[in-house]
Amino acid sequence: MVGCNNDDDTVKSSLENSNKIRVDEDLFSTAPNDDFEIITTTITDNNLNLTIHYGGGCGNIYYDLISGNDYTETEPIQRNIRLAFDDKDNCEAGIEIDLSFDLTQIQISSTDRIFINLDRWENQIEYNY
């Protein structure tokens, strides 16, 4: 949970603010998808680093990087992921935060490279490991 205290602190979310990618088909399709913008993406030491911008400043946010169970059957192998974002913050200040997620859970032993299709990001992200 990231944010300041306010009256909305007792509202819970299905998201855990985990620093690891969550592989969960149901959560991938049903998790909250509140408004935010991805500013930058990088991969360093098996971590996907995101800078995001959202409207807030006085309440809690919840997030998780989520993938379904499947990889694409194309070469190179691709994985669809998204940042689930639950903004329990009713304020409108422009907030920018840095998030980092461990990607080792989506590695495949038969390859050393996956292309990531990140929802809300225009370009594929090449993940070499």
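Mentor: Let us take the side chains of Asp-35 and Arg-120, which meet in a salt bridge at 3.9 Å, N to O. Please keep in mind that this is a predicted model.

Trainee: Why is the contact of Asp-35 and Arg-120 called a salt bridge?

Mentor: The term requires a side-chain nitrogen of Lys or Arg within 4 Å of a carboxyl oxygen of Asp or Glu. The value for Asp-35 and Arg-120 is 3.9 Å, so the pair qualifies. In general, side chains of opposite charge can pair when their charged atoms come close.

Trainee: Which parts of the chain does the pair of Asp-35 and Arg-120 link?

Mentor: Asp-35 is in the loop between α1 (25-30) and β3, and Arg-120 is in the loop between β8 and β9, 85 residues apart.

Trainee: How do you know whether Asp-35 is buried or exposed?

Mentor: Exposed means over 50% relative accessible area. Asp-35 has 65%, so Asp-35 is exposed. Arg-120, at 31%, counts as partly exposed, because the value falls between the limits of 20% and 50%.

Trainee: How many salt bridges does the structure hold?

Mentor: The structure holds five salt bridges. One of them joins Asp-64 and Arg-22.

Trainee: What makes the pair of Asp-64 and Arg-22 a salt bridge?

Mentor: The closest N and O atoms are 2.6 Å apart.

Trainee: Why is Asp-64 called buried?

Mentor: Buried means under 20% relative accessible area. Asp-64 has 0%, so the term applies. Arg-22 is buried as well.

Trainee: Which backbone nitrogen atoms lie close enough to the side chain of Asp-64 to count as polar contacts?

Mentor: The cut-off is 3.5 Å. The backbone nitrogen of Asn-17 lies 3.4 Å from a polar atom of the Asp-64 side chain, and that of Ser-18 lies 3.0 Å from a polar atom of this side chain. Both values are within 3.5 Å, so both pairs are counted.

Trainee: Where are Asn-17 and Ser-18, and are they buried or exposed?

Mentor: Asn-17 is in the loop between β1 and β2, and Ser-18 is in the loop between β1 (2-3) and β2 (22-23). Asn-17 has a relative accessible area of 15% and Ser-18 one of 19%. Both values are under 20%, so both residues are buried. The side chain of Ser-18 also reaches the backbone nitrogen of Lys-20 at 3.1 Å.

Trainee: How do you know that Cys-58 and Cys-91 form a disulfide?

Mentor: The rule asks for cysteine sulfur atoms within 2.5 Å. The sulfur atoms of Cys-58 and Cys-91 are 1.6 Å apart, so the pair is a disulfide. By this rule the count comes to one disulfide.

Trainee: Why is the disulfide called right-handed?

Mentor: The torsion about the S-S bond of Cys-58 and Cys-91 is about 95°, so the disulfide is right-handed.

Trainee: What makes β3 and β4 a pair of strands?

Mentor: Two strands pair if there are at least two bridges between them.

Trainee: What is the order of the strands in the open sheet?

Mentor: Three strands form the open sheet in the order β3-β4-β7, and the pairing is antiparallel. β3 (37-44) and β7 are the edge strands, because each pairs on one side only.

Methods: Residues numbered from 1 in each chain as written. Predicted model: local features only at pLDDT ≥ 70, side-chain atom pairs only at ≥ 80, totals over all residues. Heavy atoms only, no water. Helix = DSSP H or I, 4+ residues; strand = E, 2+ residues; numbered from the N terminus. Buried < 20%, exposed > 50% of the residue type's maximum accessible area, 1.4 Å probe, protein only. Polar contact = N/O pair within 3.5 Å; in protein donor to acceptor, adjacent residues only side chain to side chain.
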